[in-house]
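Have the viewer ready and follow along.

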Amino acid sequence: MKIAQELRSGNVIMIGNEPWVVKKAEFNKSGRNAAVMKMKLQSLLKGTLTETVYKADEKFEDVILDKKDVTYSYFADPAYVFMDSEYNQHEVDAETLGEGAHFLDEGMACEMTFYNGRGISVELPTTVIREIEYTEPAVRGDTSGKVLKVARMVGGLELKVPAFCEIGEKIEIDTRTGEYKNRAK
Amino acid sequence: MPRAVLFCTVVDNYGDAGIAWRLARALAQNHGFAVHLVVDHLLTLAALVPTLATAGPLPQEVLPGLWVGAAPPSAPADLVIEVLTAELPQDYLAAMAAAPQPPVWLVYEHLSAEDWVAGCHLKPSPHPRLPLTRYFFYPGVQEGTGGLLWGGRDATRPLANIQKSNEHPSPRPSSLKGEGGISILLFPYENAAVSGLLAGLSAYGQGAHLLVPQGRIWPQLSACLNIQLEAGRTQAHGPLQIEALPFTDQDTFADLVAGVDLACVRGEDSFVMALMAGVPLLWHIYNQEDGAHLAKLDAFCEDYTKGMRPALARVFTDLHRAWNVYDRAGVQENIPKYMAFLPELRAHAQGRAEKIKKLGGAAQNIVDFFGKVR
């Protein structure tokens with residue numbers, strides 16, 4: 001059991017029969033008001049987001065989820081198929097993967113989280129490398145990185161890159177934010 | 001007729017019971033609920049509501065449609081409210097969870113002007129193990145909060161009537177009638193700066209009539225003045241007249257607050273009375289050891305002084321800060337300045353009351369929410 005005040009972003013709690021992941025937790029207390037935790041929660045089963053307020057001493061069953069190292073195998077519409085070290089296949093749908101689906105490469109090492117034997121989230125490496133397939137010509141002289149332009153990666157993903165990037169160049173992308181990090185070395 | 005049960009735990013003083021009573025009465029008298037008010041310390045409530053006979057059988061129908069007792073009815077109500085620090089008995093909670101249609105369940109919190117309050121107002125709190133959802137209702141003075149409870153005998157009587165009674169207060173102590181001096185209600189908790197208040201008021205030089213209801217300030221005030229306060233007796237202290245008042249019921253007290261030129265109020269119930277009556281006020285906030293009350297005080301001062309001239313806003317804030325940290329010299333210095341602003345303060349206070357009224361009364365807002373969720 002954990003009390004609301006101990007909960008942090010990333011913790012998983014049970015409300016009724018449903019596991020919810022804490023996305024944001026904010027403690028509030030003043031004067032004689034009850035200390036409360038305002039929390040943004042996301043259902044691990046449905047993906048829905050909700051804002052809640054709990055008394056800081058409200059007790060929750062915290063859930064320790066199973067995690068496994070997996071590698072991405074292939075896309076079998078509509079599921080993404082991953083394989084663990086014992087060659088078991090695990091399917092995850094596009095909604096669960098969210099933006100992460102854009103960054104999958106065959107053989108990519110990931111970490112999958114399970115609830116009741118079902119994969120409910122996939123954590124990708126924080127950085128992936130992609131090649132720029134098309135972008136407007138580089139702007140000479142601007143090396144600050146502050147001026148951005150749109151670029152399309154091999155595979156179709158589009159994102160903003162610094163004006164100095166060129167077609168054929170490889171860049172690093174942060175998979176958590178989907179943003180350009182830097183040129184690949 | 002929808003049924004409401006309100007739970008009240010008396011922590012200390014009279015504010016918990018006073019707020020619960022006013023909310024219960026508003027729901028019963030003005031919104032057609034059959035209300036059952038459960039209080040753990042009936043004697044405290046009886047002090048405010050003399051018609052409550054604590055020796056008689058319980059629950060007692062104190063007003064039409066409003067029962068008071070020490071335990072809730074066995075069947076869960078349609079609307080369940082935990083007032084302030086009250087918590088539901090486990091068996092009642094279980095009955096709520098087993099009901100075919102679960103009640104609308106609220107916590108009626110303390111009011112605050114802090115920014116975070118609006119973000120928490122009426123947010124759901126689904127029970128981790130039971131099929132019930134609780135909601136936090138925050139009374140307040142800002143957009144996005146639940147407004148305030150107001151009124152005396154009729155909890156939703158038009159504000160204009162309250163202000164009318166403010167201009168022509170009927171229950172003013174007889175000693176005040178016909179006098180042109182400034183009347184000040186003195187109703188703080190224990191406050192070591194009260195000597196600074198007396199010194200500052202004396203220095204102001206226009207004379208003042210202090211009405212001091214029986215309460216926690218009496219021993220300090222007696223020591224300060226070197227007199228024995230006695231209910232019903234008025235004693236002179238330089239240019240000040242000090243009138244000790246006997247303990248009174250809530251309605252009479254509300255009219256007293258509305259009838260003075262300056263209301264030195266405390267906690268929440270009398271504070272709300274002064275805010276809604278549009279009376280210039282000096283608030284003694286409930287003190288907490290960790291100092292958490294000072295952020296709440298600062299938030300109130302910041303909100304209340306919006307629209308004030310900077311000179312008045314500064315005096316308002318400085319005086320409130322000094323009064324609440326027991327800074328005798330600070331109070332003595334600022335109270336004469338504050339008194340000089342009284343006419344302007346009154347106009348400001350009445351404007352604030354009108355603004356708060358636009359948020360809707362707290363009872364009305366609860367009823368609206370009930371209708372939406374049920």
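Start with a pair that crosses between the chains: the side chains of A:E51 and B:K123 form a salt bridge, with N to O at 3.9 Å. The term salt bridge here means a side-chain nitrogen of Lys or Arg within 4 Å of a carboxyl oxygen of Asp or Glu. Side chains of opposite charge can pair when their charged atoms come close. Between chain A and chain B the count is two salt bridges, while over all chains it comes to 20.

Before going further, some ground rules: this is a predicted model, so local features need pLDDT of at least 70 and side-chain atom pairs count only at pLDDT 80 or more, whereas totals for chains, interfaces and linings use all residues. Residues are numbered from 1 along each chain as its sequence is written, chains are lettered from A and ligands numbered from 1 in the order in which they are written, and side-chain values use heavy atoms, with hydrogens and water left out.

**Where the chains meet**

On the chain A side, 21 residues are in contact with 28 residues of chain B, contact being heavy atoms within 4.5 Å. The area buried between the two chains is about 2200 Å², and carbon and sulfur atoms give 52% of that. Buried area is the accessible area (1.4 Å probe) that two parts lose on being put together, summed over both.

There are also 11 residue pairs in polar contact between chain A and chain B, both residues at pLDDT 80 or more. A polar contact is a pair of N or O atoms within 3.5 Å; within protein, one must be able to donate a hydrogen and the other to accept it, and residues adjacent in sequence count only if both atoms are side-chain atoms. On chain A, the elements giving two or more residues to the side that touches chain B are strand 2 (12-15), strand 4 (36-43), strand 5 (49-55) and strand 6 (59-60). Strand 5 of chain A has the largest share, five residues. Helices (H or I, at least four residues) and strands (E, at least two) are DSSP runs, numbered from the N terminus. By class, this side of chain A has eight nonpolar, six polar and seven charged residues. Ala, Val, Leu, Ile, Met, Phe, Trp, Tyr, Cys and Pro count as nonpolar, Asp, Glu, Lys and Arg as charged, and the others, Gly among them, as polar.

**Pockets and cavities**

The search runs on a 1 Å grid over the protein atoms alone: a cavity is a set of points where a 1.4 Å probe fits but cannot get out, a pocket is an open set with protein on both sides within 12 Å along at least five of seven lines, and lining residues have an atom within 4 Å of a point. Grid points are joined across faces, edges and corners, and a volume is the space filled by probe spheres set on the points.

| Space | Volume | Lining by class |
|---|---|---|
| Largest pocket | about 1300 Å³ | 15 nonpolar, 16 polar, 13 charged |
| Second largest pocket | about 550 Å³ | 16 nonpolar, 11 polar, nine charged |
| Second largest cavity | about 60 Å³ | seven nonpolar, no polar, three charged |

Which residues lie nearest the centre of the largest pocket? They are A:K23, A:Q42, A:T96, A:S121 and A:V122, out of 44 lining residues. Strand 11 of chain A gives the largest share of that lining, five residues.

For the second largest pocket, the lining has 36 residues, with B:N13, B:Y14, B:G15, B:F187 and B:R266 nearest the centre. Helix 9 of chain B gives the most, with four residues.

The structure holds three cavities of 30 Å³ or more.

**Local details**

Within chain A, the side chains of A:K46 and A:E18 meet in a salt bridge at 3.5 Å, N to O. A:K46 sits in the loop between strand 4 and strand 5, A:E18 in strand 3, 28 residues apart.

Two cis peptide bonds are worth a look: A:D77 to A:P78, with omega near 10°, and B:L58 to B:P59, with omega near -5°. A:P78 lies in the loop between strand 7 (66-76) and strand 8 (79-84) of chain A. Finally, A:N116 has a positive phi of about 55° although it is not a glycine, and A:N116 is found in the loop between strand 10 and strand 11 of chain A.
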